[in-house]
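Q: I have a new model open on my screen and would like to learn how to read it. Could you walk me through it step by step?

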Amino acid sequence: MSIPYLNLHPQNLPLKQELLNATEEVIDKSWYVLGKHVELFEEQYSKFSNVAYCKGVANGLDALILSLRALKIGPGDEVIVPSNTYIATWLAISTVGATPIPVEPRITTYNINPDLIEAKINSRTRAIMPVHLYGQSCEMDAILNIAKRYQLYVIEDNAQAQGAKFKNKLTGSFGQINATSFYPGKNLGALGDAGAITTDDEKLSKEIAMLRNYGSEKKYFNEELGVNSRLDELQAAYLSVKLPYLSRWTSERVELARRYHEQLRGVGDLILPAVALYATHVYHIYMVRTARREGLVEHLNKNEIGTLVHYPVPPHLQKAYAHLNYAQGAFPISEIIAKTCLSLPLYPGLKNEEIDFICNTIKKFFS
Ligand SMILES: *Cc1c(COP(=O)(O)O)cnc(C)c1O
C-alpha cells in the first residue's frame, strides 16, 4: 500500500466535469480578470465566513501584505506574530517595512500564547497577527481583549483554518481585516494560486479593491501606489465550484483525525494534537510529535507512507531573518516543535484502511 502525504485527486477528480464547465463558461464570456466570477465568489465566500465583505487577491501572502497596507502599517511599526508559523506571516510584515515581534505558542495547541503577548507591546506596536496553525482556532477572546485594551488591530492569518470556529464564530471574522489562501493544498484550494481578505469594514474592503488593482478605482486614474494582485476569473470560477463541498470535506478531515487519535493514543512517545477550550480544529495538517522523528520518517518511507515536516526551521532561525540577530534558543518552544513535529497524511478521500495501515506501521516502529 503506497500512501502519498497529499493527494488532491479525491477532491478534484469527482468535480472534473463541473470544473470543465466552469472553464468553458469563462472562455465563452471571454472576460478573464475582475469580472462576474470574482464578484460571485467574493459574495459566496463572505457569506460562508459570515462577514460583510470579501475581496479576492492573487495569493495568501498578498492577502496578508495588502491587509497590513490597508491599515497603513509600515516602517517603524511593530506587529506581534507567532514565533512558530509558516514564514509567509512574517514576510508580509517585513514586506511593508514593519518589524515582526515573535511570541511563543502554547506547547499544547501550537497556537500563539495570549499570556505572553502583553510583555511584547510598546508604543510602536500596531497589530497582532494570530495564525490559526494547522487548522485550529487561536484563543480569540483573550487576543481580542488585549487588542482592545492597547488599541491594536487584529489581522488573522486564516490560510490553514477555513471553517474553524472559536465559540461558534468562524475564524477569518474576528479581526478588522483577515487574510486567507486558496493554494491548491489548503482546505479550500483553487487549481493554482489564489487568496482573499475578509472584513466587516466597508472602507477597508474598498481599500483592498484599489490596492490589488494598481491603486485604481477608475481605470487609468491611480490614487495610490497599488500592486497587481487580482484573483483571476478562472480561479474564482473553480473556487465557486468547490466551496459548497468544503463543509463535507471538513467533516471528513475531523473524522479521519478521530480515527488517528483512537489508534495512536499512548503509542511510543507520540504527542497527538490537542484542541483548546472553545476552539475547533479543521485539521489542515495532522501533526504529531516524537523525539524519534528521523527514525519514524525513515520507517514510514520504507513502507511507502509520505510525511512532511511543518516546519523544520522556525522563521527566526531562517537565513532570511539573520538580520534580526536571533540566536538558537531565542524561542525554545518553537524550536522544540520544529525538531519533533511530523505531519501524517490527512485529506478528504483518504481511506479508513489507509489510516489503519499508517497507524499499524507506526505501532510497529515503536514496539
Ligand atoms: C499557505 C499559507 C500562507 C500563504 O499563502 P500563499 O497562497 O501560499 O501565498 C500564509 N500563511 C499560512 C499560515 C499559510 O499556511
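Q: Which backbone atom of Leu61 lies 2.9 Å from an oxygen atom of the ligand?

A: Look for a polar contact, a pair of N or O atoms within 3.5 Å; within protein, one must be able to donate a hydrogen and the other to accept it, and residues adjacent in sequence count only if both atoms are side-chain atoms. Here, a backbone N or O atom of Leu61 is 2.9 Å from a ligand oxygen. A polar backbone atom of Gly60 lies 2.7 Å from an oxygen atom of the ligand, and Ser181 brings a polar side-chain atom to 2.7 Å from a ligand oxygen. The protein covers 90% of the 380 Å² of accessible area that the ligand has on its own (Shrake-Rupley method, 1.4 Å probe; for residues, only the protein chains shown count as cover).

Please keep in mind that this is a predicted model: local features need pLDDT of at least 70, side-chain atom pairs count only at pLDDT 80 or more, and totals for chains, interfaces and linings use all residues. Residues are numbered from 1 along each chain as its sequence is written, and side-chain values use heavy atoms, with hydrogens and water left out.

Q: Which residues surround the ligand?

A: A residue counts as near a molecule or strand if one of its heavy atoms lies within 4 Å of it. Among those surrounding this ligand are Asn59, Leu64, Tyr86, Asp157 and Lys186. The shell divides into six nonpolar, four polar and two charged residues (Ala, Val, Leu, Ile, Met, Phe, Trp, Tyr, Cys and Pro count as nonpolar, Asp, Glu, Lys and Arg as charged, and the others, Gly among them, as polar). Its largest share, three residues, comes from helix 4 (residues 60-70).

Q: How many helices and strands are there in the protein chain?

A: Helices (H or I, at least four residues) and strands (E, at least two) are DSSP runs, numbered from the N terminus. This chain has 12 helices and 13 strands.

Q: Where are Tyr311 and Gln151 found?

A: Tyr311 is in the loop between helix 10 (293-302) and helix 11 (332-340), and the peptide bond from His310 to Tyr311 is cis, with omega near 5°. Gln151 is in the loop between helix 6 (140-150) and strand 5 (153-154); Gln151 has a positive phi of about 55° although it is not a glycine.
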